Amino acid sequence: MVRDVAFGQYFSGKSFIHRLDPRAKILLLIAFLVIIFCAFNYFSLLIVTIFTVLCVAFSGVSPKFYFKSLKVIVFIVIITSVLNLFYGTGEPLWQWSIFKITANGINRALFVTVRIICLIIASSCLTFTTSPTELTDAIERLMKPLNKIHFPVHEIAMMMSLALRFVPTLLEETDKIMAAQKARGADMDSGNLVKRAKALIPILIPLFVSAFRRAYDIATAMECRCYRGGSGRTKMKTVHMSMRDGAACILTTLMIIGVIVCNLIFTAVI
Amino acid sequence: MSSILELKNLSFVYGLKTPFEKKAVDNVSLTINRGEFIGVIGHTGSGKSTLVQMLNGLIKPTDGQVLFDGEDIWKNPKDIRKIRFKVGMVFQYPEYQLFEETVYKDIAFGPLNMGKNADEIDNAVRRAAEFTGLGLNLLQKSPFELSGGEKRRAAIAGVIAMDPEVLVLDEPTAGLDPVGRDVLLSQIVQYHKNRSNTVILVSHSMEDIARVADKIIVMNKSHLVMFDKTREVFSRGRDLEKIGLRVPQVTKIMLELKEQGFELPDSVLTVDEAFSALSDLLKKEGKIW
Ligand SMILES: Nc1ncnc2c1ncn2[C@@H]1O[C@H](COP(=O)(O)OP(=O)(O)OP(=O)(O)O)[C@@H](O)[C@H]1O
Ligand SMILES: [Mg+2]
């Protein structure tokens, strides 16, 4: 069913990474994502890979779920790496009409594969170990300076957390509506593209109707509790940076220095 | 009587092979005969909805078989749609499935999927609307303009319009006003009488079940604990209480009177029955003439 996707799921736990400040996690993830694309030779790529493995190990989430989240993007990985394989420059090792494979092409294909996999695993590590509320909270706090230029940070964050909150609800609702229409003989798995698109109507309309109904309900409920926007609100849970976050920052910095040093010592292969 | 549905060692597990594995139905075997009115009762989360969803192949049993007319419904997975026309299923809160521009078109959705022609569809829609007490003047309205109770009727009509041999209703009266509940229930009984189709009704109201069902399926923690005639099931009030259920109020009163030593029948299901049983008793003791 729709719910089987592991990407974006949260697993509660008490691992090292679970207990990091979510703000630190987001910033470190961004740093790591940048560094992934700054690894130009196999030594720096190795460092990046090791760091990714460490993330998995310290997250306390079974590697099984990381593999599951990779399943979703297998296609993208295969297509991009095959394209890269044929786009290399230099002496061809093998050629057939316009298709040629070069050493550079092979390197590129390998790099792009490892990079995408590391990227997905690291991002999954964030969502696996951080609850949606923590995540939006952290984003709100990180974006706070934007308030100065009248960017509605709180409203955007509230919208994000409401949207995230309703993802599982709407998925469940979709399952129910699909079952009800199937019980009336709706046929969703056969026919051509047009027919299949049409078969979605009996599902989408009730889904939209219920989404609007829920939106009105929640707006009323919020107003009943005197919600009136972000100014002057306090937080129920405040997070503080701790030693643990310091350690994580140092580790990440070491990794970044490692990658840069490797890049300086060894020649780039792509 | 010939059997229409037969369940053999039926089990269902939600989230198989994930950390959230949950056994919702465990090794249920029973036989339902043609034309019976079956009640299904059980505590919240006992697996009633899961059980009935397997009857028309909306979910595939993780173990065991469902036989319809003696044939495994999953023998040929391509034909599962045909089973859904024969075993009609009305969900909890079915009004959320309405989607068409008019009530008429929405009720016609099922028959249309069956490939019926325009005349047959028109016939089916009108008959179904009549059965559920939906005024013909409502048929050209948008389903979203109806009241809650009318929506419920429209949704039920959408299933009845397929003229299924077995009609399954999962708590059809939940959330309706007392009069609405009674009317809807009598209409279901009327439907059962007129067409002599098999009806399976899931309900939390023991009074309703006692009034209408021939036989009762009692579920507890994903197991089948009783499957017997209504009277037999409700004569085991103490056993029902142990699994968080109760017997209808009048049955309970009569049961307690009996335990006090009064000579009364084993299980009394309705107020009318109680009245005649009590007046018989009083006559016998010479209190009234
Ligand atoms: N989609 C689902 N995914 C996972 N578990 C589920 C799902 N649906 C139901 N369950 C679980 O299966 C068990 C049986 O649920 P079911 O809906 O069959 O109960 P029920 O008897 O119909 O309850 P109620 O009277 O409240 O409608 C419950 O413990 C429930 O938590
Ligand atoms: Mg239920």
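## Aromatic pairs

Phe11(A), Phe65(A), Tyr66(A) and Phe128(A) are joined into a cluster by ring pairs. Rings of Phe, Tyr and Trp (its six-membered ring) pair if their centres lie within 6.5 Å; the pair is stacked with planes under 30 degrees apart, edge-to-face over 60, and tilted for the rest. A pair of aromatic rings is described by the distance of the centres and the angle of the planes. Over all chains, the count by this rule is 11 aromatic pairs.

## Basis of the description

This is a predicted model, in which local features need pLDDT of at least 70 and side-chain atom pairs count only at pLDDT 80 or more, while totals for chains, interfaces and linings use all residues. Residues are numbered from 1 along each chain as its sequence is written, chains are lettered from A and ligands numbered from 1 in the order in which they are written, and side-chain values use heavy atoms, with hydrogens and water left out.

## Two pairs across the chain

The ring centres of Phe16(A) and Phe58(A) are 5.7 Å apart and the planes stand at 55°, so this pair is tilted. It links distant parts of the chain, 42 residues apart: Phe16(A) belongs to the segment before helix 1 (22–36) of chain A, and Phe58(A) to helix 2 (residues 42–59) of chain A. Helices are DSSP runs (H or I, at least four residues), numbered from the N terminus. Phe16(A) is partly exposed, at a relative accessible area of 29%, and Phe58(A) is also partly exposed, at 42%. For these terms, buried means under 20% relative accessible area, exposed over 50%, and partly exposed in between (1.4 Å probe, protein chains only).

Phe43(A) and Phe266(A) form a stacked pair, with 4.0 Å from centre to centre and 20° between the planes. Phe43(A) lies in helix 2 of chain A and Phe266(A) in the segment after helix 10 (243–265) of chain A, so the pair ties together parts 223 residues apart in sequence. Phe43(A) is partly exposed at 44% relative accessibility, and Phe266(A) is partly exposed at 31%.

## A charge over a ring

Arg165(A) lies over the face of Phe166(A), 4.8 Å from the ring centre. A charge sits over a ring if NZ of Lys or CZ of Arg is within 6 Å of the ring centre and within 35 degrees of the ring normal.

## Cysteines

Over all chains, the structure holds zero disulfides (a disulfide being a pair of cysteine sulfur atoms within 2.5 Å). For Cys249(A), which is in no disulfide, the nearest cysteine sulfur is that of Cys55(A), 13 Å away; Cys249(A) is partly exposed at 32% relative accessibility. The sulfur of Cys262(A) lies 13 Å from the closest cysteine sulfur, in Cys38(A), which is too far for a bond. Cys262(A) is buried, with a relative accessible area of 12%.

Notes:
Helix = DSSP H or I, 4+ residues; strand = E, 2+ residues; numbered from the N terminus.
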